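The sequence and structure come first.

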Amino acid sequence: MMNAKELASVYDTIMSIPGMNDPIKIDLKISRRNVLLLSQAINKALSTGASVDSVNLIDICSPESKEELTAFSTECLHKSGLNELNDRLGKL
């Protein structure tokens with residue numbers, strides 16, 4: 001089993017493969033329920049700090065990538081009309 005430093009190096013190598021930064025278009029149709037779940041999953045992943053025991057791809061991604069994920073989450077919520085509901089759920 002690889003240690004955290006070795007795993008981070010592998011992830012970094014994968015993320016530097018040519019073409020990984022190329023934008024792609026995805027035609028996606030999902031339910032509002034899944035938009036809400038996806039948004040919560042993104043926010044939880046981005047707000048959770050890196051673990052000492054293991055390294056995940058989200059732990060080593062660039063701040064720009066994290067901003068793009070946040071923007072994607074916000075856009076999905078906006079398109080589905082769930083901004084207000086998500087805000088209220090966050091206050092609970």
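## Cysteines

The sulfur of Cys76 lies 17 Å from the closest cysteine sulfur, that of Cys61, which is too far for a bond. A disulfide is taken here as a pair of cysteine sulfur atoms within 2.5 Å. The count of disulfides by this rule is zero. Cys61 is accordingly in no disulfide, its nearest cysteine sulfur being that of Cys76.

Cys76 is buried, at 18% relative accessible area, and Cys61 also counts as buried, at 17% relative accessibility. Buried means under 20% relative accessible area, exposed over 50%, and partly exposed in between, with a 1.4 Å probe and protein chains only.

## Basis of the model

The model is predicted: local features need pLDDT of at least 70, side-chain atom pairs count only at pLDDT 80 or more, and totals for chains, interfaces and linings use all residues. Residues are numbered from 1 along each chain as its sequence is written, and side-chain values use heavy atoms, with hydrogens and water left out.

## Helices H2 and H4

Helix H2 spans residues 32-47 and helix H4 residues 63-80; their axes come within 10 Å and cross at roughly 155°. H2 is therefore roughly antiparallel to H4 (angle over 145 degrees). Helices are DSSP runs (H or I) of at least four residues, numbered from the N terminus. Axes are lines fitted to C-alpha atoms over the stretch in contact, and angles run from 0 to 180 degrees between N-to-C directions.

Contact means heavy atoms within 4.5 Å. Residues of H2 in the contact include Val35, Leu38 and Ile42, and those of H4 include Leu69, Phe72 and Cys76. By class, the contact has nine nonpolar, five polar and two charged residues.

Conventions:
Helices (H or I, at least four residues) and strands (E, at least two) are DSSP runs, numbered from the N terminus. Angles under 35 degrees count as roughly parallel, over 145 as roughly antiparallel, 65 to 115 as roughly perpendicular and the rest as oblique. Ala, Val, Leu, Ile, Met, Phe, Trp, Tyr, Cys and Pro count as nonpolar, Asp, Glu, Lys and Arg as charged, and the others, Gly among them, as polar.
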